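Here is a short briefing on one protein chain.

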Amino acid sequence: NMKEKLVSKEQTILEQIEERSLVLYNDDVNTFDHVIHCLMRICKHTAEAAEQCAYIVHYSGKCSIKHGEYSKLEAQCTALLDQGLSAVIE
C-alpha cells in the first residue's frame, strides 16, 4: 500500500543522511606524534584537538574523532587506515 511505500522510502533516506561517527581505536604500534599528525592532516583537527583525541584513544581505547554523513567520513576513514591507524565508521 502507498503508506508503507512512503514509510520505506523515508527510512531509506534517513539511513543515507543519518549522522555517523568516525571512531579511532587504540593500538600498540603508532606513536602519539603520528596519530596527531594524521588527525591534523586528514581530519583537519587543530593541534590541541588532535592531541586531546590521541590521549583519549590512549587511555579509553577509542575516541569519536569526526561526525557526519557516511559518504563524507568514508574517505577520511580510508586515509587513516592507509596510515596504519585503526578507524571505523559507526
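**Strand pairing**

In this predicted model, β1 and strand β3 (residues 86-89) pair in the antiparallel sense over 4 bridges. Pairing requires at least two DSSP bridges between two strands. Helices (H or I, at least four residues) and strands (E, at least two) are DSSP runs, numbered from the N terminus.

- Leu22 sits opposite Ile89 in β3.
- β1 also pairs with strand β2 (residues 62-68), antiparallel, over 6 bridges.
- Tyr25 has Lys62 in β2 as its bridge partner.

**Confidence**

- Mean pLDDT (the predictor's confidence in each residue, from 0 to 100) is 90 for the chain, and 86% of residues reach 70 or more.
- Helix α1 (residues 2-17) has the lowest confidence, at a mean of 66, and α2 the highest, at 98.

**Largest pocket**

- Its volume is about 170 Å³.
- A pocket is an open set of points on a 1 Å grid over the protein atoms alone, where a 1.4 Å probe fits, with protein on both sides within 12 Å along at least five of seven lines.
- Volume is the space filled by probe spheres set on the points, which are joined across faces, edges and corners.
- Lining residues (an atom within 4 Å of a point) number 14, and the closest to the centre are Asn26, Asp27, Asn30, Val35 and His58.
- β1 (20-25), α2 (32-43) and α3 (47-60) each give two or more residues to the lining.
- α3 gives the largest share, 3 residues.

**Basis**

- Residues are numbered from 1 along each chain as its sequence is written, and side-chain values use heavy atoms, without hydrogens and water.
- Local features need pLDDT of at least 70, side-chain atom pairs count only at pLDDT 80 or more, and totals for chains, interfaces and linings use all residues.
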